[in-house]
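Subject: A structure for you to look at

Hello,

Here is the structure I wanted to pass on to you. Please open it first, and then read my notes alongside it.

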Amino acid sequence: MNDCIFCKIVAGEIPSQKVYEDDYVYAFKDIQPQAKVHVLIIPKVHISSVNELEDSHKELIGHIFISAGKIAEILGVKESGYRIVNNCGKDGGQTVNHIHFHMFGGEPFGWPPF
Ligand code: 5GP
Ligand code: ZN
């Protein structure tokens, strides 16, 4: 049995505020937004983290980033700009073990982020 909350969101078993969906990708609003715009972009298939990526995922990861541009347009941040973040593992601050890309926007951000 798959206890992954993001797999359950993709399956519609946990409700989410969908922003974008296609055959491979699902994007939805973060439940605890850390910026005016905060969306999570995930593959529909379960991959735990960047550490589990394989050569067979090349096309999928490329597709996610191409989708990100479309999602930015939907969210109205394409021109103003945005930040895409992946947290990996404990030190990276990953709390959900289904690979995901945060999209932050709607306001300017500083750098470095820590
Ligand atoms: P991480 O810390 O793993 O990079 O990010 C996980 C993100 O998932 C967090 O920003 C957290 O707020 C979000 N999150 C956790 N559970 C849920 C949920 O059930 N629904 C939604 N929409 N977001 C969630
Ligand atoms: Zn999953």
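Glu-21 is partly exposed, with a relative accessible area of 35% (buried is under 20%, exposed over 50%, and partly exposed in between, with a 1.4 Å probe and protein chains only). Please bear in mind that this is a predicted model, in which local features need pLDDT of at least 70 and side-chain atom pairs count only at pLDDT 80 or more, while totals for chains, interfaces and linings use all residues. Residues are numbered from 1 along each chain as its sequence is written, chains are lettered from A and ligands numbered from 1 in the order in which they are written, and side-chain values use heavy atoms, with hydrogens and water left out.

Glu-21 has two salt-bridge partners to look for. One is Lys-18, at 2.8 Å from N to O, and another is Lys-44, where the closest N and O atoms are also 2.8 Å apart. A salt bridge here is a side-chain nitrogen of Lys or Arg within 4 Å of a carboxyl oxygen of Asp or Glu. Because Glu-21 sits in strand β1 and Lys-44 in the loop between β3 and α2, their pairing ties together parts that are 23 residues apart in sequence. Helices (H or I, at least four residues) and strands (E, at least two) are DSSP runs, numbered from the N terminus. Lys-44 is partly exposed, at 24% relative accessible area.

The count comes to 5 salt bridges. Among them is the pair of Glu-73 and Lys-78, at 3.8 Å from N to O. Glu-73 is exposed at 52%, and Lys-78 is partly exposed at 43%. Bridges that share partners join Lys-18, Glu-21 and Lys-44 into one network.

His-46 is partly exposed at 38%, whereas His-98 is buried at 0%.

Now to the inside. In soluble globular proteins, nonpolar side chains tend to be buried together. Here the largest nonpolar core has 18 residues, and Ile-41, Ile-64 and Ile-71 have the most contacts inside it. Such a core is a set of buried Ala, Val, Leu, Ile, Met, Phe, Trp, Tyr and Cys residues joined through side-chain atoms within 4.5 Å. Two or more residues come from each of β1 (18–21), β2 (25–29), β3, α2 and β5, and α2 gives the most, with 6 residues.

Finally, in the loop between β3 and α2 you will find Val-50, which is partly exposed at 35%. Val-50 and Gly-89 are 39 residues apart in sequence and 8.9 Å apart in space, C-alpha to C-alpha.

Best wishes
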